[in-house]
Amino acid sequence: MDVRGVPVEVIRKDIKNLHVGVYPPSGRVRVAAPLWLDDNAVRLAVISRLGWIRRQQIGFEQQDRQSQREFVTGESHYFEGRRYRLDVLERAGRPTIRLLNNTTMELCVAPGADRAAREAVLHQWYRRQLCDQLPVLLASWERKVGVTVDDVRIKKMKTLWGSCTVEAKRIWINLELAKKPTSCLEYILVHEMVHLIERSHNDRFRDLMDRLMPQWRVHRDELNRAPLAHMDWRY
């Protein structure tokens, strides 16, 4: 569907309310619409949100993006919001990652390890860091939010920082959050936990977020300002 020059992907679902999303890196617009809502109603809903949609798209256009990483000495890599200079060492033994100080990340790999192998070592390290942080955050926030999360999993996602499956009480966390400030990770975790109570981004959802995490909009904006990773974006 084209709405005043804006391409819109419409997906029909068995849901009660219409949802409009704008996704990085180019500001793709996707609408999840109830089965009973006709195209004209969807078009009017998008038109009513065009100002917001265009502001989101401009924000993505202006957001910094990392170039394709080659995992070689001298590159910049991020952890918990801090930028590190990568120092690659080739030596026999188990691959390791070490933060030598506040500026240097040491990556030790086997001699001749290619780009894919170096990337895998770093991503596994990122995963371990998130696995260490999440149980502590979860234990704290389950009591505050008043929900029990049965499962938290980590995976690379192209368009979402997090997602949840309400029926299974399962939360998915984007691996990229290991690169962002811890406050951003905590915000996404709480965001998804609140979705276990309220699925929509409606007034009730916002009221719950305001009560539980009064500074959530600050954390959201900080996350949106953080550099986007280079990815081969396909939809």
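**Close-up views of a predicted model**

**View 1. Helix H3 lies across strands S5, S6, S7 and S8.** H3 covers residues 115–145 and runs at about 120° to S8. Axes are lines fitted to C-alpha atoms, for helices over the stretch in contact (heavy atoms within 4.5 Å). Angles run from 0 to 180 degrees between N-to-C directions. Helices (H or I, at least four residues) and strands (E, at least two) are DSSP runs, numbered from the N terminus. This is a predicted model: local features need pLDDT of at least 70, side-chain atom pairs count only at pLDDT 80 or more, and totals for chains, interfaces and linings use all residues. Residues are numbered from 1 along each chain as its sequence is written, and side-chain values use heavy atoms, with hydrogens and water left out.

**View 2. Four strands form an open sheet.** Their order is S5-S6-S8-S7, with mixed pairing. Two strands pair if DSSP finds at least two bridges between them. The edge strands, S5 (76–79) and S7 (96–99), each pair on one side only. From one strand to the next, the twist averages 35°. S6 (residues 82–90) and S8 (residues 104–109) pair in the parallel sense over six bridges. Glutamate 90 stands opposite valine 109 in S8.

**View 3. Strands S10 and S11 form a hairpin.** S10 (residues 162–165) and S11 (residues 170–174) are antiparallel, paired over four bridges. Threonine 165 stands opposite arginine 170 in S11. Four residues separate the strands, and lysine 169 takes a positive phi near 50°.

**View 4. Helix H4 is mostly covered.**

Technical notes: Buried means under 20% relative accessible area, exposed over 50%, partly exposed in between (1.4 Å probe, protein chains only).
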